[in-house]
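Work through the exercises below with the sequence and the model side by side. Each one begins with a task and continues with a solution that goes step by step.

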Amino acid sequence: MLSVLAIIVPLIVLVIMIWKKVNIAVSAIVCTGLMALMSGLNIYDCLTNDYMEAFVGYIKNYWPLIFLGASFGKAMQLGGGAEDLANLLTSKLGTKFTIAVLCVTTLILSYGGVSCYVIVFVMYPIALNMFKKADLPRHLIPAIVAAGSFTAVNLGPGSPSVVNNIPVKYLGTSATVLPVYSAIIAGSFFLLALFYCLWQEKVARKKGEHFSADAATLKMMAEYEQKELFFGVNVLYTLLMGWISIAILYWNKIDNKIEILNCGVSDAMGAIVATSAVVGFGGVAKLTAGYTTLVNVATSMGGSPLISFSLGTALLSGACGSGSGGLTLALETLAPRYLEMGINPGVLHKIASAACITLDSLPHNGVMVTVLACCGLTHKEGYKHLFAITVVGSIIILIEAIVLASIMYPIG
């Protein structure tokens with residue numbers, strides 16, 4: 001128990017420091033040192049070797065993706081593409097359906113294979129313009145991103161999501177396994193998240209909250225609102241075809257073309273450094289005795305097979321702050337035992353995908369950090385919506401998935 005506390009206490013301190021607006025890079029390294037101290041590890045070696053290996057490894061794997069996503073999003077802003085799309089959608093549907101339209105748009109892009117790291121950079125400028133027209137508070141934007149890219153796309157049949165494809169390797173299933181079952185839980189998840197967003201819109205209206213942004217953002221938006229629109233609907237091709245279309249359609253409208261690259265670098269650097277910092281924390285957590293204890297608990301858990309497998313997967317994902325990391329470990333260490341019990345591999349596939357996106361979405365999760373950093377919000381301002389959808393909502397859907405699987409695919 002003491003070894004587990006060596007992970008839990010630093011994690012709580014990390015959350016508190018982030019909430020108090022201490023820079024996340026500082027918070028993560030301080031709490032990593034605390035975790036190493038409480039775990040009896042060499043603090044210097046952990047910080048200079050293990051922490052930095054995880055930190056740099058993340059940048060190595062994700063820098064091109066995040067940089068291109070940030071640059072594409074900035075090009076959408078500078079060229080007026082975001083404004084075009086916002087005008088197109090609001091002119092056709094009005095501002096009454098802003099939340100629903102953005103959620104569905106994000107879901108379509110995510111299901112189409114656009115990475116969640118790119119989604120936030122693409123959707124933020126579009127949401128920013130539409131939120132201004134609808135006079136909605138910016139702290140709801142992370143909820144839009146979460147509803148569209150962290151829900152159904154992780155569980156739906158044929159989804160390109162990482163957590164829907166990792167189990168294929170270990171269980172011999174496919175991305176389209178159990179399509180009816182998958183569609184039910186995926187659809188339920190998206191609708192639950194959508195209803196939450198619509199509810200929070202009503203709450204914001206009732207509180208008298210309005211759209212607001214810092215002076216620089218407002219000035220930038222005012223400048224691009226004055227640009228002549230470029231054939232309206234053509235921006236949809238920009239969104240789908242990416243950088244090449246941006247260059248062709250909006251090149252002459254972008255006053256400072258170098259700014260696309262410069263701002264893209266700036267935005268991407270802020271997001272990736274913040275994310276790498278907490279990934280480094282997770283990298284050291286895996287070395288502690290507490291993490292080993294959690295693995296042992298997960299592998300020896302009794303009770304209902306689907307419940308124990310879910311809890312084990314969720315605990316491992318939460319400890320390392322990574323759904324894909326916890327999912328991989330759970331499938332390597334837990335799955336063989338549960339397959340021997342006669343559980344349908346397809347059910348295990350979907351339960352694993354649902355369980356890994358519960359506790360992994362705590363404040364130290366890299367994707368949560370990236371979303372908030374891109375939207376210019378602190379954890380205190382925007383994380384409550386991410387928590388409601390990706391933790392509370394995920395747990396509700398996991399329970400639904402377990403109950404439904406017990407009815408549709410009983411063991412034995």
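**Exercise 1.** Locate L178, and decide whether this residue is buried or exposed.

*Solution.* L178 is found in the loop between α9 and α10 (179-207), where helices (H or I, at least four residues) and strands (E, at least two) are DSSP runs, numbered from the N terminus. This is a predicted model, in which local features need pLDDT of at least 70 and side-chain atom pairs count only at pLDDT 80 or more, while totals for chains, interfaces and linings use all residues. Residues are numbered from 1 along each chain as its sequence is written, and side-chain values use heavy atoms, with hydrogens and water left out. The relative accessible area of L178 is 15%, and buried means under 20%, exposed over 50% and partly exposed in between (1.4 Å probe, protein chains only). L178 therefore counts as buried.

**Exercise 2.** Compare the backbone angle phi of L178 with that of D135, and place D135 in the chain.

**Exercise 3.** Which residues does A147 touch, and how far apart are A147 and F190?

*Solution.* A147 lies in helix α7 (residues 141-149) and is buried, with a relative accessible area of 0%. Not counting residues up to four places away in sequence, A147 touches C103, F190, A193, C197 and I389. Of these, F190 is 43 residues away from A147 in sequence, with 6.2 Å from C-alpha to C-alpha.

**Exercise 4.** Follow the chain from S361 through α20 to H379, and state at each step how covered the residues are.

*Solution.* S361 lies in the loop between α19 (345-355) and α20 (366-374), and with a relative accessible area of 4% this residue is buried. Beyond four places in sequence, S361 touches M368, Y383, T390 and V391. The next helix, α20, is mostly covered, since 8 of its 9 residues are buried; among them are M368, V369 and L372. After α20 comes G376, which has a positive phi near 65°. H379 is found in helix α21 (residues 379-408) and is buried at 6% relative accessible area. Its contacts beyond four places in sequence include I18, W19 and I24, as well as V369 and L372.

**Exercise 5.** Find the nonpolar patch on the surface, and name the helix that gives the largest share of its residues.

*Solution.* A patch is made of residues with over 30% relative accessible area and no salt bridge, with like charges joined within 9 Å and nonpolar side chains (Val, Leu, Ile, Met, Phe, Trp, Tyr) within 5 Å. A salt bridge is a side-chain nitrogen of Lys or Arg within 4 Å of a carboxyl oxygen of Asp or Glu. Here L2, L5, I8, V9, I12, I16 and M38 form the nonpolar patch, with about 600 Å² of accessible area together (Shrake-Rupley method, 1.4 Å probe; for residues, only the protein chains shown count as cover). Helix α1 (residues 2-19) gives the largest share, 6 residues. I8, which belongs to α1, is partly exposed at 35%.

**Exercise 6.** How many helices and strands does the chain have, and what part of its residues is buried?

*Solution.* The chain has 21 helices and 0 strands, and buried residues make up 55% of its 412 residues.

Note on methods. Contact means heavy atoms within 4.5 Å.
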